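Thanks for coming. I have one model to go through today, and I will take its parts one at a time.

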Amino acid sequence: MSSLASEETSEFSFLAGQARALDVEVPPVRRVSLPLPDGRTLSALRYGDDPVEVTLLHGAGLNAHTWDTTVLALGRPALSIDLAGHGDSSWREDADYTGRTLAADVIEALRIWTDRPQVLVGQSLGGLTAAAVAAHAPELVRDLIVVDITPGVDQSVGPAALREFYRVVDGASRDELVDRAQQFGFGGSRDDTARGVFLNTRVRPDGRVEWKHHFAHIAAQLLTAAPSDAASPAATTGILGEHGWSDLGAAAAPIALVRASHGFVSEDAEAEFRTRVPSAQVLHLDGSHNLQETAPAALADIIRTAVDARP
């Protein structure tokens, strides 16, 4: 375990150091949970005491804490949700972690935890989930910001990297998992990555450290099917979702795509996005796929601009 992680005893212990680095105050933050009709529980982090204006959805294999630094830089009340099967939210018995399925939980949560349309921000899998929320519950979404994902992303590049990353689901130590995450370009500095690994792992009785999210165990099956057969309908299913483009097209809220300079969205994928969603804004940030960790202040500026543009 890294020295940073070894000193931490609480999921909120990192926030003070992150806030000092940004020269900002730590807002009130608490964990909230919502019982769902099917017996599962949805968990989230609630930042600030004022009404929530921003809701954040993480990517596959991450959790609500991936947004901590971005929220601190943002300085606005926010809700960061652990998607089903991730963080403190229940796993799904059917292992269905596609965007439209995850969106149903998010819609339920927004109706309970928020009192106004949200600037809804989703990164990677969270971006496709956010698009489904905007399409099926437009009254809940004021602006939609999709971070480094499109339904047309090349499955042989970004998703393949995730699939390869999660071929290893445990390690002898957290340091070993930090090394692996950095090798794949996930996370920012080593301390940032160590924090993320600490918050996303647990120590088993045998002493080995494993990812605590369900996704690590099923990623290979969900990420893609028949990727070599571009003509096969299965090639566009799996975690990318066969409904992604229709959800984006049905969204009534203004849409922005934020593309990482070293992320999963290629020039071809961006061009397809511009063609299919011509009214959307496309922005570029320097960073890797998890921009909320590798470019949090710049991403916070984009989100803040959307929040402050309220009519």
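This is a predicted model: local features need pLDDT of at least 70, side-chain atom pairs count only at pLDDT 80 or more; totals for chains, interfaces and linings use all residues.

The phi angle of Asp148 is near 50°, a positive value, and the residue is not a glycine. Ala95 is another case of a non-glycine residue with positive phi, here near 55°. Ala95 is placed in the loop between strand E4, residues 78–82, and H4.

Now the sheets. Eight strands make up an open sheet, and their order is E1-E2-E4-E3-E5-E6-E10-E11. The pairing in this sheet is mixed. At the edges are strand E1, residues 29–35, and strand E11, residues 281–288, each of which pairs on one side only. From one strand to the next, the twist averages 20°.

At the E11 end, the neighbour is strand E10, residues 255–262, and the two pair in the parallel sense over six bridges. If you want a residue pair to find on screen, Val258 stands opposite Leu283 in E11.

What packs on this sheet? Helix H5, residues 125–136, does, and it touches strand E3 (54–57), strand E5 (118–123) and strand E6 (141–147). The direction of H5 makes about 145° with that of E5. Further along, helix H11, residues 267–276, lies across E10 and E11. H11 runs at about 160° to E11.

H5 also has a helix partner. Two packed helices are described by the angle between their axes and the distance between the axes. For helix H4, residues 99–113, and H5, the axes come within 8 Å and cross at roughly 65°. The crossing of H4 and H5 is right-handed. On the H4 side, the contact is made by Gly99, Arg100, Leu102, Ala103, Val106, Ile107 and Leu110. On the H5 side, the residues are Leu125, Leu128, Thr129, Ala132, Val133 and His136. By class, the H4 and H5 contact has nine nonpolar residues, three polar and one charged.

There is also a sheet of three strands, open, in the order E7-E9-E8, with antiparallel pairing. Its edge strands are strand E7, residues 170–171, and strand E8, residues 201–203, and each pairs on one side only. E7 is joined by two bridges to strand E9, residues 209–211, and the two run antiparallel. In that pairing, Asp170 stands opposite Glu210 in E9.

Last, the empty space inside. Rolling a probe the size of a water molecule over the atoms shows where empty space is left. How many cavities of 30 Å³ or more are there? The count is two. The largest cavity has a volume of about 320 Å³, and 26 residues line it. Of these, Leu62, Gly196, Asn200, Asn290 and Glu293 lie nearest its centre.

Which elements give two or more residues to that lining? They are helix H6, residues 158–165, and helix H8, residues 190–199. H8 gives the most, with six residues. What is the lining of the largest cavity made of, by class? The lining has 10 nonpolar, 13 polar and three charged residues.

Then go to the largest cavity and H8, which gives six residues to its lining. Finish at Ala95 and Asp148, both with positive phi.

Conventions
Residues are numbered from 1 along each chain as its sequence is written. Side-chain values use heavy atoms; hydrogens and water are left out. Two strands pair if DSSP finds at least two bridges between them. Helices (H or I, at least four residues) and strands (E, at least two) are DSSP runs, numbered from the N terminus. Axes are lines fitted to C-alpha atoms, for helices over the stretch in contact, and angles run from 0 to 180 degrees between N-to-C directions. Contact means heavy atoms within 4.5 Å. On a 1 Å grid over the protein atoms alone, a cavity is a set of points where a 1.4 Å probe fits but cannot get out, and a pocket is an open set with protein on both sides within 12 Å along at least five of seven lines; lining residues have an atom within 4 Å of a point. Grid points are joined across faces, edges and corners, and a volume is the space filled by probe spheres set on the points. Ala, Val, Leu, Ile, Met, Phe, Trp, Tyr, Cys and Pro count as nonpolar, Asp, Glu, Lys and Arg as charged, and the others, Gly among them, as polar. A crossing is left-handed if the near helix is turned anticlockwise from the far one by less than a right angle, and right-handed if clockwise.
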